[in-house]
Amino acid sequence: MNKNNAISELKDVIKGGIFYILSGSILVKAITMISSIVIARIVDKSEYAYYTYANNLYQYVELIAGLGLTSAILIICAANPKSGKTRGYIRQAWVIGCAVQTILALILCIGVTVIEVPFPQIRKYVYMMILMPAFSYILLLFQSYSRVCFENKFYSFLGIIQSSIVCIIGIFLTFYFS
């Protein structure tokens, strides 16, 4: 590859919004770090351990992320983003994915209620976070759609909004329940 081709490709990447994605990712990580520091300051050590335990349980639920439908949206719709089928795929992914995430969150809530868990104190945090998987899935779906449409600025904005909302709600609920 010669120098002119490399410079041309770099300009294309910059025009494509790589800086939006990069700066958005950095801000998301910074907001997440701030959230964990603030929550750790609000509650004592044992309560923070229960909070992180419940949060980890929900991270397992979020691994399923609507049965991978957001990734499927990227793969299927990226080939032809202007297709009339794209909105139909998004609608189906919305319904199925939200249902899956909600059912899994409910199963988790029922599970920690019925099953003897090592730390019964985690229950209030599990109940407090019940909407987190569906909320995260919806934003992930919007992010996938914005990537399909090459709206990288909006993609980054959504990531920042999601982290900010989770941070604010997490801090508020932790402060309220502690």
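A patch, as the word is used here, is made of residues with over 30% relative accessible area and no salt bridge, and nonpolar side chains are joined into a patch when they lie within 5 Å. Keep in mind throughout that this is a predicted model.

Of the 178 residues in the protein chain, 33% are buried.

Next, select Tyr60, Leu63, Ile64, Leu67, Trp94, Val95, Ile96 and Phe142 and show their side chains with a surface; together they form a nonpolar patch with about 820 Å² of accessible area. If you then colour α3 (45-64) and α5 (85-114), you will have the helices that each supply at least two residues of this nonpolar patch.

Is Leu63 buried or exposed? Its relative accessibility is 67%, and because exposed means over 50%, Leu63 counts as exposed.

Finally, select helix α4 (residues 69-78) together with helix α7 (residues 132-148), and draw their axes, which come within 9 Å and cross at roughly 15 degrees. Since angles under 35 degrees count as roughly parallel, α4 and α7 are therefore roughly parallel to each other. Turning the view to look through one helix at the other, you can follow the handedness as well, for α4 passes α7 in a right-handed crossing.

Conventions
Residues numbered from 1 in each chain as written. Predicted model: local features only at pLDDT ≥ 70, side-chain atom pairs only at ≥ 80, totals over all residues. Heavy atoms only, no water. Patch = residues over 30% accessible without salt bridge, like charges linked within 9 Å, V, L, I, M, F, W, Y side chains within 5 Å. Areas by Shrake-Rupley, 256 points an atom, 1.4 Å probe, with all protein chains shown as cover. Salt bridge = Lys/Arg side-chain N within 4 Å of Asp/Glu carboxyl O. Helix = DSSP H or I, 4+ residues; strand = E, 2+ residues; numbered from the N terminus. Buried < 20%, exposed > 50% of the residue type's maximum accessible area, 1.4 Å probe, protein only. Axes fitted to C-alpha atoms, helices over the stretch in contact; angles between N-to-C directions. Parallel < 35°, antiparallel > 145°, perpendicular 65-115°, else oblique. Left-handed = near helix turned anticlockwise from the far one by under 90°.
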